[in-house]
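Visitor: I'd like a close look at one residue and the strands around it, please. Could you then walk me outwards from there to the rest of the model?

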Amino acid sequence: MEGAPPYVIEMLHITKEFPGVRANDDITLQLKHGEIHALLGENGAGKSTLMSVLFGLYKPEAGEIRKDGKTVRINDPNDATALHIGMVHQHFKLIEVFSVLDNIILGAEDTKLGFLQKKDARKKVQALSERYGLKVDLDAKVEDITVGMQQRVEILKMLYRENEVLIFDEPTAVLTPQEIGELMHIMRGLTREGKSILFISHKLNEIMEVADRVTVLRKGKHIGTVHTKETTKTELSRMMVGRPVQMVVDKEPADAGDDVLTVKDVSVPSRLYKRDAVSKVNFSVRAGEILCIAGIDGNGQTELIHALTGLERPSCGHISLCGIDITSASIRQRSLKGMSHIPEDRHKHGLVLDFTLEQNLVLQRYYEPRFRNGIFIRFDEVRSYANALIRQYDVRSGQGPITPVRSMSGGNQQKTIIAREIDRDLPLIVAVQPTRGLDVGAIEYIHGQLVAQRDAGKAILLVSLELDEVMNLSDRILVMYGGEIVGQFDPAQVSTEELGLYMAGAKRQKEEAWRV
Amino acid sequence: MSGKNERNVLRSILASLISILIGMGMGSLVILIVGLCSKNLTLKSTWEGIRLIALGVFSTGRNAAGELTFGFNPASMGNMLFRATPIILTGLSVGIAFKSGLFNIGAAGQYLAGTCATLFIALSIPSKIVPAWLIWLLAFLGGMAAGALWGAIPGMLKAFLNINEVLACIMSNWIAANVVTWLFDISNLKNIVESTKSGYIYKTTFNGIATPKLGLDKLFPGSQVNGGILIAILLAVLMYILISRTTLGYELKACGANRYAARYAGIKDRRNMVLSMAIAGAMAGAAGSLYYLSGNTEFYWSTYQILPAAGFNGIPVALLASNNPIGIIFTGMFMSTLSISGLQLTNLTAYNEYITDVIISVIVYLSAFSLVIRMWLGGRRKKAAQIGKEDE
């Protein structure tokens, strides 16, 4: 490549404005041949906008894009494809009922007289898969393969189209620790073969491990581009957030009290299959501790939490809260008896998106005497209560209490739920993936709130897929695999690798070892 | 917690007005085309037709010179209010169900159920023994109850068996049509006194029952108007208060906007679904009830092949008003204004009554447009909001 310009893609002084917002303000990003370049920034920092500009989805007000040193115009995604730029989206764009091979060639099919030439395509895909070490089963249907393999299919899709610039949008969000390691390995292999990679992420560990250089964005501005070898995680997070960030949650050892929630032999039927999604689970959560249920998505955590919170009925077993049996209690009864719930899916369960902020803040207590006068809602009380919560929990929104929640950022939507649930001041808080999809600043805040609640003597049941969060926050860890609890750990005495083995089902403790 | 902010309300009103204007424009276009294609119609009469479509309710006929005259026409105005009564109520029926996320296309069946109960009560209880006002009250409440019951059935099917309420409503419409026909067929309420007519049920005035005029006949002499319109407005205000001021309204809206979040918050979503459909049914029942309690309308009992149009007209009325009960009062009146315009068109020009139906249906069709226009009006702002939460 001698004599070739050093950069494969250059985005120079890109400015993109939306009414009232400057989403990209004079941003320069230069991607070298064969490098892994990370793009780091909080939610709303402008990463997606910048990538949309590169893909021709948005037209920038100012700035130019160069490919191999030559200025190019990218007016729509087809132009980007023609320039061999490809993207692996965070949420895979695969057709579940198609085979892996069909998914890979979809949209770029070779045909002869209108007939598909699948044999040639198969050979080409096989060659690619061997060359880059991307193991896939070409004939399996996408719905039957693991998330990790689906991601490899996405990567193969890009390679099949002979893309030279590969963009990975938050690729590790859905993977297990083992799969993440594998992905890092694949990414390095790709650059060795001459591909250039843009890696969008807000996970500092991964960036430090795999990227050569990092460009940091904050509030639409270019903060800096640094070599990972010459920086630290603390420095990066400071650049990203704009202030020093507490990387590790600061907390005293737990002072656990009595059992608040006791779960005995609970099984929950699966909605999809003719087996139990959760089988014979036993544990208890004590006052003043954070008990974390770790595990890979889809191992029964969701069903277990639904059974505990009343969204589903367990097929057998008993659940008691503060000594009262709530196995068949209604959701409202559980709530009245002391359970608050930060749900897994904030858009499906946690919020009524078309309601205003204040309407959402009283979703769990609108019926309390304080907020009503007979059958009428006391709007003045609702307003003052909402204003108090907004102040106390620093929920930011365009129009204060009357902002439609749909228009708020993900972090502030989650803060709305956290404020609502914590402020009820109940003995048990069930928090399911409370920081999913949030940026460092918001995560720090939510972790701080949960620890404060623990210190105030609340029992906290946390379900998390993020190992960092599990290790950081919990006082006790239970690992769930295949609908069962396969081990109990003290976070101070277990490594993430060890937890990963339990999460993947490779190891399990004898039940007597931990059963209370 | 007033729900929508003022800008949204303004935008809704603006969107409805725009779609009404487009509808009127399309109607005028139809008139123009028909006028140009017909030998009987001159350009002048075409222009008259267009004017009547816009201002029919103010038409006072023709003067000595044969020119159209306009002004306050109490009979048209009163008839407009009379005709508005049932469609305001079926509009409320559709609107309330929409608020809780259900599409009540069964207002026609609920209307028939209400009609049937009302007529049986009003004509079967002898007014010689029971005071007429009490019979009237019983007949009205009975009509509402019958409508509520008929509406609750698809509500229950949806809540407990997850059967699509649209399908259940359509079925329940035809079941109502047939059951009502059968009930009247075996009854002794068929009008055999006026032998020129067949297939009609006695007017309620045969038993001395009629909605009091409440002085409206003095205000609008020569029209059919009665106190029913005031009852419809009162019910609309009550529905508005229910939806926007009470905890029940909050629950219904939560169920409508996000059933899962409502359930998560411990709201009984199934019960609310049934309740919402029952309230919707009661409104449609009241529509049928008030229409026939007027005493000057007669029910054609052989309904098994035709569903009452009032049931379906509730849909555009609710859509045009974005399901706001107060807005429904006005859109209901607008719809009945159109039908008065149609009458005037038939009376005063060579256009026949069918052309007016075409025009009304064009406007009805375009009422669905108000949603699109509202989205378009809100489009720019929404896009900006989208940017605010990018990276998600």
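Guide: Happy to. Let's start with A:K67, which is partly exposed because 19 other C-beta atoms lie within 10 Å; on this scale a residue is buried if 20 or more other C-beta atoms lie within 10 Å of its own, exposed if 12 or fewer, and partly exposed in between, with C-beta atoms placed from the backbone. Before going on, a word on the source: this is a predicted model, in which local features need pLDDT of at least 70 and side-chain atom pairs count only at pLDDT 80 or more, while totals for chains, interfaces and linings use all residues. Residues are numbered from 1 along each chain as its sequence is written, and chains are lettered from A and ligands numbered from 1 in the order in which they are written.

A:K67 sits in strand β4 of chain A. (Helices, H or I with at least four residues, and strands, E with at least two, are DSSP runs numbered from the N terminus.) Setting aside neighbours within four places in sequence, A:K67 has contacts with A:V8, A:I9, A:V72 and A:L83, where contact means that the C-beta atoms, placed from the backbone, lie within 7 Å. A:Y7 is 60 residues away from A:K67 in sequence, yet their C-alpha atoms are 7.7 Å apart in space.

The strand pairing gives the setting. Strand β4 (residues 62-67) of chain A runs antiparallel to strand β1 (residues 7-18) of chain A, joined by 5 bridges; strands count as paired if DSSP finds at least two bridges between them. Within this pair, A:I65 of β4(A) is the bridge partner of A:M11. β4(A) also pairs with strand β5 (residues 70-72) of chain A, again in the antiparallel sense, over 3 bridges, and here A:R66 has A:T71 of β5(A) as its bridge partner. β4(A) and β5(A) form a hairpin with 2 residues between them, and A:D68 in the turn has a positive phi of about 50 degrees.

Stepping back, chain A is divided into domain 1 (7-241), domain 2 (246-338 + 427-516) and domain 3 (349-425), with bounds that come from an automatic or database domain assignment. The C-alpha centres of domain 1 and domain 3 of chain A are 38 Å apart.

Now to the other chain. The contact between the chains takes 45 residues from chain A and 24 residues from chain B. On the chain B side, α9 (247-257), α10 (259-264) and α15 (369-388) each supply at least two residues, and the largest share, 5 residues, comes from α9(B). By class, that side has 12 nonpolar, 6 polar and 6 charged residues; Ala, Val, Leu, Ile, Met, Phe, Trp, Tyr, Cys and Pro count as nonpolar, Asp, Glu, Lys and Arg as charged, and the others, Gly among them, as polar.

α9(B) also meets helix α11 (residues 269-293) of chain B: their axes come within 10 Å and cross at roughly 105 degrees. That makes α9(B) roughly perpendicular to α11(B). Residues B:E251, B:L252 and B:C255 of α9(B) make this contact with B:D269, B:N272, B:M273 and B:S276 of α11(B).

Technical notes: Two residues are in contact if their C-beta atoms, placed from the backbone, lie within 7 Å. Axes are lines fitted to C-alpha atoms, for helices over the stretch in contact, and angles run from 0 to 180 degrees between N-to-C directions. Angles under 35 degrees count as roughly parallel, over 145 as roughly antiparallel, 65 to 115 as roughly perpendicular and the rest as oblique.
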